[in-house]
Amino acid sequence: MHPWTRPPEPSELSAKRDELTRAFIAEKKATGKTPRCNWPKVIGPDGNLETLQQMLSRDTKQHCNYCDGLMGYSSRETIDHFMPKSLPDFEHLVYVWNNLYLCCDGCQRKGTTYNENAVRPDEIGYLFERYFRFHLDGRISVIAPDTTDRDRAEITIEVLKLKHPDLTTSSPY
């Protein structure tokens with residue numbers, strides 16, 4: 001989970017946020033199921049419309065915000081809600097910019113897991129090497145000497161399921 005500087009919120013998202021959120025909550029209430037998000041198209045740097053996933057993918061250099069896996073090679077580009085949209089406490093945040101992260105299929109498995117103490121890749125002052133060590137076999141271990149940082153790192157690994165076998169494979173090197 002490398003540090004990431006979140007770009008400014010696309011105006012197309014902020015302009016439609018309230019309308020999209022109301023529609024999402026109404027559909028969830030009517031069906032009893034968590035609906036898919038209806039992401040607005042955004043204007044890319046070349047002036048053409050693109051998906052929000054394409055924008056985030058370009059900004060993260062096609063890497064998952066959580067596991068740093070390369071997108072498109074072995075996974076679709078998805079948008080994850082750090083505070084899960086399926087939980088009633090967070091459904092109003094479904095289209096809130098700072099709750100959205102580019103995410104691979106593997107990291108989407110976190111589902112409804114949430115802890116407010118989990119580390120976010122775009123939080124101020126976040127440095128991977130402050131919390132974690134990456135191993136060549138795909139494992140991530142906690143190295144933070146500070147108790148608070150250590151606890152947050154362990155929570156992050158648990159919440160994001162970064163020890164899942166699909167993310168940690170033996171390396172032939």
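**A conversation about the model**

Guide: Let us begin with Glu91, which is buried, with a relative accessible area of 18%. Please keep in mind throughout that this is a predicted model.

Visitor: Which residue forms a salt bridge with Glu91, and how far apart are the closest N and O atoms?

Guide: The partner is Lys28, and the closest N and O atoms of the two are 3.0 Å apart. This pair links distant parts of the chain, since Lys28 belongs to helix 1 (residues 11–31) while Glu91 sits in the loop between strand 3 and strand 4, 63 residues apart.

Visitor: And Lys28, is that buried or exposed?

Guide: Lys28 counts as buried, at 13% relative accessibility.

Visitor: How many salt bridges does the count come to?

Guide: The count comes to 8 salt bridges. One of them joins the side chains of Arg130 and Asp149, at 2.8 Å from N to O. Arg130 is in helix 3 and Asp149 in helix 4 (residues 147–159), so this pair ties together parts that are 19 residues apart in sequence. Asp149 is buried, with a relative accessible area of 11%, whereas Arg130 is partly exposed at 36%.

Visitor: What about Glu50, which side chain does it meet in a salt bridge?

Guide: The side chain of Glu50 meets that of Arg58, again with 2.8 Å from N to O. Glu50 counts as buried at 11% relative accessibility, and Arg58 is partly exposed, with a relative accessible area of 37%.

Visitor: Let's move to helix 2. Which of its residues are buried?

Guide: Within helix 2, which spans residues 52–59, the buried residues are Leu52, Gln53, Met55, Leu56 and Ser57. They pack against strand 1 (42–43), strand 2 (49–50), strand 3 (78–81) and strand 4 (100–103). Just after the helix comes Lys61, which takes a positive phi of about 60°.

Visitor: Switching to cysteines, how many disulfides does a search of the whole structure find?

Guide: The search finds 0 disulfides. Cys37 is in none, and the nearest cysteine sulfur, that of Cys103, is 13 Å away. For Cys64, the closest cysteine sulfur is in Cys107 at 3.8 Å, which is too far for a bond. Both Cys37, at 17% relative accessibility, and Cys64, with a relative accessible area of 1%, are buried.

Visitor: Last thing, the overall fold. What pattern does the chain follow along the sequence?

Guide: The protein chain has 4 helices and 6 strands, and read along the sequence they follow the pattern α-β-β-α-β-β-α-β-β-α. The radius of gyration is 17 Å, which agrees with the value near 16 Å that a compact globule of 173 residues would have. Of the contacts with a separation of 6 or more, 63% are between residues 24 or more positions apart, and buried residues make up 42% of the chain.

Definitions and conventions: Residues numbered from 1 in each chain as written. Predicted model: local features only at pLDDT ≥ 70, side-chain atom pairs only at ≥ 80, totals over all residues. Heavy atoms only, no water. Buried < 20%, exposed > 50% of the residue type's maximum accessible area, 1.4 Å probe, protein only. Helix = DSSP H or I, 4+ residues; strand = E, 2+ residues; numbered from the N terminus. Contact = heavy atoms within 4.5 Å. Disulfide = S-S within 2.5 Å. Rg over C-alpha atoms; globule rule 2.2 N^0.38 Å. Salt bridge = Lys/Arg side-chain N within 4 Å of Asp/Glu carboxyl O.
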